[in-house]
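This report walks through one protein model, sheet by sheet and then pocket by pocket. Keep the structure open while you read.

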Amino acid sequence: MSDLYCVFGNPVSHSKSPSIHTAFAAQCRQDLRYEALLAPIDAFAASVRAFVAAGGRGANVTVPFKEEAFRLATRLTVRAELAVAVNSLRFDGAEILGDNTDGAGLLKDLTKNLEFAIAGQRVLLLGAGGAARGVVASLLEERPAVLVIANRNTVRAQELAQRFAAIATAARPRGCGYLELAGQSFDLVINATSASLAGALPPLPVAPSVFAPASLAYDMMYGKGETPFLAFARAQGAERLADGVGMLVEQAAEAFHFWRGVCPDTAPVIAALRTLAPAG
Ligand code: NDP
């Protein structure tokens, strides 16, 4: 019988994880079945236990359960502990091992697929929610010259920056509100807010632009053509634009490796997703 994996979310029917992992399994000749499972908002833990009892070997976790997955895990990887959020679970007897592959996925997309070297660059991260938390450690590992975290709720941004200050090997991260960005410019601006989901734009200053002339604007959101953030970045002079499809596939590949010990080739899977939902 094939090994069983799934993604838990609510909602979850839109998830691209089943097609990504099915493609990885075919490519790596791994005998597994992967499905999307809708967990009731108040019954995530019970849904996980039922899945394990049915023979489940591992799971991805998406909105809104990443923090609950963090609490449910009996053991955590270092990166999950730093993120205080889990997006991948592995079931090993009575043990539930929790990992967070978002940061590694973003880094692979930026450095390998987009060939953007973060070292020495000025980086602006927008948002202080689960996605932002998952990527701060990975960004810091690359030793940017500056890492500023801006959020609508300024206190959340400051707390996030403070939490990671101790592990910063180069510049210490700084948290602020959007108004404090006035007059600053950055080489890499990452939108980790959920604003694009609602067709909205984070309240970035218009003049002068936060996008330095040769900058890369990166929106973690994907799949609906050009997002409001990327359209704004283009108008504001960003030289390069990227959506989150690459990160989605790269974080899935990290999870696949966490479960199966093999690294799939992500390029054909990213290309196939782009054919289905071309970026704008
Ligand atoms: P959360 O709900 O945890 O956090 C939402 C964040 O967005 C908060 O910082 C919130 O600010 C901010 N925000 C929401 N609306 C606005 C707005 N109109 N203007 C400015 N800021 C806003 O969500 P996640 O962090 O889990 O997800 C964020 C995004 O990242 C989603 O679009 C998700 O799809 C994407 N994502 C993509 C991945 C990929 O692989 N490509 C992986 C993970 C996430 P405040 O605190 O002030 O409310």
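## Ground rules

Helices (H or I, at least four residues) and strands (E, at least two) are DSSP runs, numbered from the N terminus. Two strands pair if DSSP finds at least two bridges between them. This is a predicted model, in which local features need pLDDT of at least 70 and side-chain atom pairs count only at pLDDT 80 or more, while totals for chains, interfaces and linings use all residues. Residues are numbered from 1 along each chain as its sequence is written, and side-chain values use heavy atoms, with hydrogens and water left out.

## The mixed sheet

Six strands make an open sheet with mixed pairing, in the order 2-1-3-5-6-4. Strand 2 (32–38) and strand 4 (75–76) are at the edges; each has a single partner strand, so one side of each lacks a neighbour in the sheet. Strand 3 (residues 56–61) pairs with strand 5 (residues 88–92) in the antiparallel sense, over three bridges. Here Asn 60 has Ser 88 of strand 5 as its bridge partner.

Strand 5 and strand 6 run antiparallel and are joined by five bridges. Asp 92 stands opposite Glu 95 of strand 6. This hairpin has two residues between the strands, and Gly 93 takes a positive phi near 60 degrees. Strand 4 and strand 6 run parallel, with two bridges. Leu 76 is opposite Gly 98 of strand 6. Strand 6 (residues 95–99) is mostly covered, as four of its five residues are buried. Buried means under 20% relative accessible area, exposed over 50%, and partly exposed in between (1.4 Å probe, protein chains only).

## Helices on the mixed sheet

Helix 1 (residues 17–28) lies across strand 1 (3–9), strand 2 and strand 3. Helix 1 runs at about 175 degrees to strand 2. Helix 2 (residues 44–53) also packs on the sheet, touching strand 1, strand 2, strand 3 and strand 5. The direction of helix 2 makes about 170 degrees with that of strand 1. Axes are lines fitted to C-alpha atoms, for helices over the stretch in contact, and angles run from 0 to 180 degrees between N-to-C directions. Contact means heavy atoms within 4.5 Å.

A six-stranded open sheet has the order 9-8-7-10-11-12, with parallel pairing. Its edge strands are strand 9 (174–176) and strand 12 (240–242), each pairing on one side only. The twist averages 20 degrees from one strand to the next.

Strand 7 and strand 8 are joined by five bridges. Leu 126 has Ala 150 of strand 8 as its bridge partner. Strand 8 (residues 146–150) is largely enclosed by the rest of the structure, because four of its five residues are buried. Three bridges link strand 11 (residues 211–219) to strand 12. One of the partnered residues is Leu 216, which bridges to Arg 240 in strand 12. Helix 5 (residues 102–113) lies across strand 10 (186–191) and strand 11, at about 140 degrees to strand 11.

## The largest pocket

The largest pocket holds about 1400 Å³ of space. Of its 49 lining residues, Val 63, Lys 66, Ala 131, Ser 194 and Leu 197 are the closest to the centre. Helix 1, strand 3, helix 3 (66–72), helix 6 and helix 9 (245–260) each supply at least two lining residues. On a 1 Å grid over the protein atoms alone, a pocket is an open set of points where a 1.4 Å probe fits, with protein on both sides within 12 Å along at least five of seven lines; lining residues have an atom within 4 Å of a point. Grid points are joined across faces, edges and corners, and a volume is the space filled by probe spheres set on the points.

## Annotated positions

An unreviewed UniProt entry marks a "binding site" at Gly 127, Ala 128, Gly 129, Gly 130, Ala 131, Met 220 and Gly 244. The lining of the largest pocket takes in Gly 127, Ala 128, Gly 129, Gly 130, Ala 131, Met 220 and Gly 244 from this set. UniProt positions use the numbering given here, feature names are shortened, and annotations may be inferred rather than shown by experiment.

Ala 128 sits in the loop between strand 7 (122–126) and helix 6 (130–141). Ala 128 is buried, at 6% relative accessible area. Not counting residues up to four places away in sequence, Ala 128 touches Asn 151, Arg 156, Ala 157 and Leu 160. Gly 130 lies in helix 6 and is partly exposed, at 27% relative accessibility.
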